[in-house]
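Here is a short briefing to read alongside the model. Keep the 3D view open and follow the topics in turn.

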Amino acid sequence: SSANSTQQYFSFCSSLDMALSSILTEAEIAAGLQSCQAVDSFDYKTFFVKVGLNSKSKDQVAKVFGILDQDRSGFIEEEELKLFLKNFSASARALTDAETKAFLAAGDSDGDGKIGVDGKTALIKM
């Protein structure tokens, strides 16, 4: 059934592209993805600056968070973070475990192993 969920994930991604492109420009997304093409080169601060998220309004940031929170739990879990870049482009790579854990640690304000809405805003505005 993991193939099925992957398929759902990708059809979900194409509708995501639409949602994200209403907030970020293609050029911003491309710049962000380019900054972390090499394995273990992902740095969320650089990425957020490149895609221009740090200059977006709180509402726009909340919208992006909603897009990344695939299971609508109100949190972004490790599995969702791993596929973070794919939200911006289906051809982007998955994050490595090291990248995912660093990203998670940065946004997980209460140590519960996931990033809540508050952590996400803090992450982006850092």
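Which residues in helix α4 (residues 58-68) are buried? They are Val61, Val64, Phe65, Ile67 and Leu68. What you are looking at is a predicted model, in which local features need pLDDT of at least 70, side-chain atom pairs count only at pLDDT 80 or more, and totals for chains, interfaces and linings use all residues. Residues are numbered from 1 along each chain as its sequence is written, and side-chain values use heavy atoms, with hydrogens and water left out.

- "Buried" here means under 20% relative accessible area, "exposed" means over 50%, and "partly exposed" lies in between (1.4 Å probe, protein chains only).
- Helices (H or I, at least four residues) and strands (E, at least two) are DSSP runs, numbered from the N terminus.
- Val61, Val64, Phe65, Ile67 and Leu68 are the buried residues of α4.
- Looking down the axis of α4, these buried residues fall within an arc of 160°, so they line one face of the helix; the arc is that of the directions from the helix axis to the C-beta atoms.
- An α-helix has 3.6 residues a turn, so residues three or four places apart point the same way.
- Asp59 and Lys63 are exposed on the other side of α4.

**The cavity**

- Searching the whole structure turns up one cavity of 30 Å³ or more. A cavity is a set of points on a 1 Å grid over the protein atoms alone where a 1.4 Å probe fits but cannot get out, and lining residues have an atom within 4 Å of a point.
- The largest cavity holds about 60 Å³ of space, where grid points are joined across faces, edges and corners and the volume is the space filled by probe spheres set on the points.
- Its lining is made by Phe48, Leu68, Ile76, Leu81, Phe84, Phe103, Ile115, Lys120, Leu123 and Ile124.
- Helix α7 (residues 117-125) gives the largest share of that lining, three residues.
- By type, the lining has nine nonpolar residues, no polar ones and one charged. Ala, Val, Leu, Ile, Met, Phe, Trp, Tyr, Cys and Pro count as nonpolar, Asp, Glu, Lys and Arg as charged, and the others, Gly among them, as polar.

**Aromatic rings**

- There are twelve aromatic pairs in the structure. Rings of Phe, Tyr and Trp (its six-membered ring) pair if their centres lie within 6.5 Å, and planes under 30 degrees apart count as stacked, over 60 as edge-to-face and the rest as tilted.
- The rings of phenylalanine 47 and phenylalanine 48 have centres 6.2 Å apart and planes at 70°, so this pair is edge-to-face.
- Phenylalanine 47 is buried at 0% relative accessible area, and phenylalanine 48 is buried at 4%.
- One aromatic cluster is formed by Phe42, Tyr44, Phe47, Phe48, Phe84, Phe88 and Phe103.

**Salt bridges**

- The whole structure has four salt bridges, each a side-chain nitrogen of Lys or Arg within 4 Å of a carboxyl oxygen of Asp or Glu.
- One of them joins lysine 56 and glutamate 28 (3.7 Å, N to O). Lysine 56 is in the loop between α3 and α4 and glutamate 28 is in helix α2, so the pair ties together parts that are 28 residues apart in sequence.
- Lysine 56 is buried, at 15% relative accessibility.
- Another joins lysine 101 and glutamate 78 (2.7 Å, N to O). This pair links distant parts of the chain, with lysine 101 in helix α6 (residues 97-107) and glutamate 78 in helix α5 (residues 78-82), 23 residues apart.
- Lysine 82 forms a salt bridge with aspartate 97, their closest N and O atoms being 2.5 Å apart. Here lysine 82 belongs to helix α5 and aspartate 97 to helix α6, 15 residues apart.

**Positive phi values in loops**

- Aspartate 40 has phi near 65°, a positive value in a residue other than glycine. Aspartate 40 sits in the loop between α2 (26-34) and α3 (44-50) and is partly exposed at 48% relative accessibility.
- Arginine 72 has phi near 55°, also a positive value in a residue other than glycine. Arginine 72 lies in the loop between α4 and β1 (75-77) and is exposed at 56% relative accessible area.

Technical notes:
1 Å grid on protein atoms, 1.4 Å probe; cavity = no way out; pocket = protein on both sides within 12 Å on 5 of 7 lines; lining within 4 Å.
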